[in-house]
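Trainee: I would like a close look at one part of this model. Please take the salt bridges, then move on from there.

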Amino acid sequence: RSFQVSSKDALQAGVAVGHCAQHLGRIASFVAVSILQEPTREARAEIIRQFIITSKYLHQLRNFSGMLSILVAGLGSSPIRRLSKTWELVSKEDMDIYHQMEQLLSPKGNYKMYREGVAAAATPAVPFIGLCMKDLTFLSDGNPDYVAGGIMNLQKRKQFYSIYYQMRCFQQHHYNYTALPMIQDFLLNQPNIDDEVLHQISRRVE
């Protein structure tokens with residue numbers, strides 16, 4: 001029998017991944033809007049600095065997903081990247097921190113540095129779910145369930161289990177946080193602004 005999950009489990013997993021992707025998109029949009037709404041280069045540079053500091057703390061907390069949404073999808077987005085006059089005002093110290101974390105999340109070598117960082121991370125941690133799903137899809141579509149002679153492809157199942165086990169390990173312990181509903185609601189209700197709209201605003205401010 002083929003290695004499959006039930007349609008109900010697949011649907012629930014798909015919904016969860018979809019919600020996660022939407023949330024990351026909202027955070028990235030929030031980062032861009034927070035910067036672009038400031039009227040001066042100095043104010044925009046300060047907001048960038050604050051997001052770099054936030055990403056640094058997220059790294060210490062092993063929240064790789066949050067780091068990616070801020071650094072790559074937010075600060076690394078085209079509407080923000082193009083603000084060269086604003087970026088000139090960000091201190092070298094802050095830019096050094098930014099580049100270090102940017103290298104950690106680089107897709108070079110199939111995210112080699114990121115994978116090494118995640119593998120060495122203590123728990124709890126929040127990995128980038130998008131890359132986990134990419135790995136699972138590649139493994140599922142690129143490898144047969146059975147090999148020559150109708151023998152079950154145990155290597156494929158071992159690789160599936162390895163990815164699953166790593167994600168489960170990150171959930172063995174929990175962050176000891178006090179929920180702040182006002183902040184949660186604020187972040188969860190951020191609109192996901194279209195990239196073209198952000199580009200238009202970016203061109204207006206600089």
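Which residue forms a salt bridge with Asp135, and how far apart are the closest N and O atoms?

Mentor: This is a predicted model. Asp135 pairs with Arg115, and their closest N and O atoms lie 2.8 Å apart. The pair links distant parts of the chain: Asp135 sits in helix 8 (residues 129-142), and Arg115 sits in helix 7 (residues 108-120), 20 residues apart. Arg115 counts as partly exposed because its relative accessibility is 27%, and the cut-off for buried is under 20%.

The count of salt bridges comes to eight. Among them is Lys156 with Asp145, with the closest N and O atoms 2.8 Å apart. Lys156 belongs to helix 9 (residues 154-169), while Asp145 lies in the loop between helix 8 and strand 1 (146-147), eleven residues apart. Both Lys156 and Asp145 are buried.

Another is Glu206 with Arg44, at 3.2 Å between the closest N and O atoms. Glu206 is in the segment after helix 11 (195-205), and Arg44 is in helix 2, 162 residues apart. Arg44 has a relative accessible area of 2%, so Arg44 is buried.

Now follow helix 2 itself. Helix 2 (residues 41-60) packs against helix 6 (residues 92-104) at an angle of about 50°, with the axes 10 Å apart. That angle makes helix 2 oblique to helix 6. Their crossing is left-handed. On the helix 2 side, Arg49, Ile52, Ser55, Lys56 and His59 take part; they meet Asp94, Ile97, Tyr98, Met101 and Leu104 of helix 6. The residues of this contact divide into five nonpolar, two polar and three charged.

Key:
Residues numbered from 1 in each chain as written. Predicted model: local features only at pLDDT ≥ 70, side-chain atom pairs only at ≥ 80, totals over all residues. Heavy atoms only, no water. Axes fitted to C-alpha atoms, helices over the stretch in contact; angles between N-to-C directions. Helix = DSSP H or I, 4+ residues; strand = E, 2+ residues; numbered from the N terminus. Parallel < 35°, antiparallel > 145°, perpendicular 65-115°, else oblique. Left-handed = near helix turned anticlockwise from the far one by under 90°. Contact = heavy atoms within 4.5 Å. Nonpolar A, V, L, I, M, F, W, Y, C, P; charged D, E, K, R; others polar. Salt bridge = Lys/Arg side-chain N within 4 Å of Asp/Glu carboxyl O. Buried < 20%, exposed > 50% of the residue type's maximum accessible area, 1.4 Å probe, protein only.
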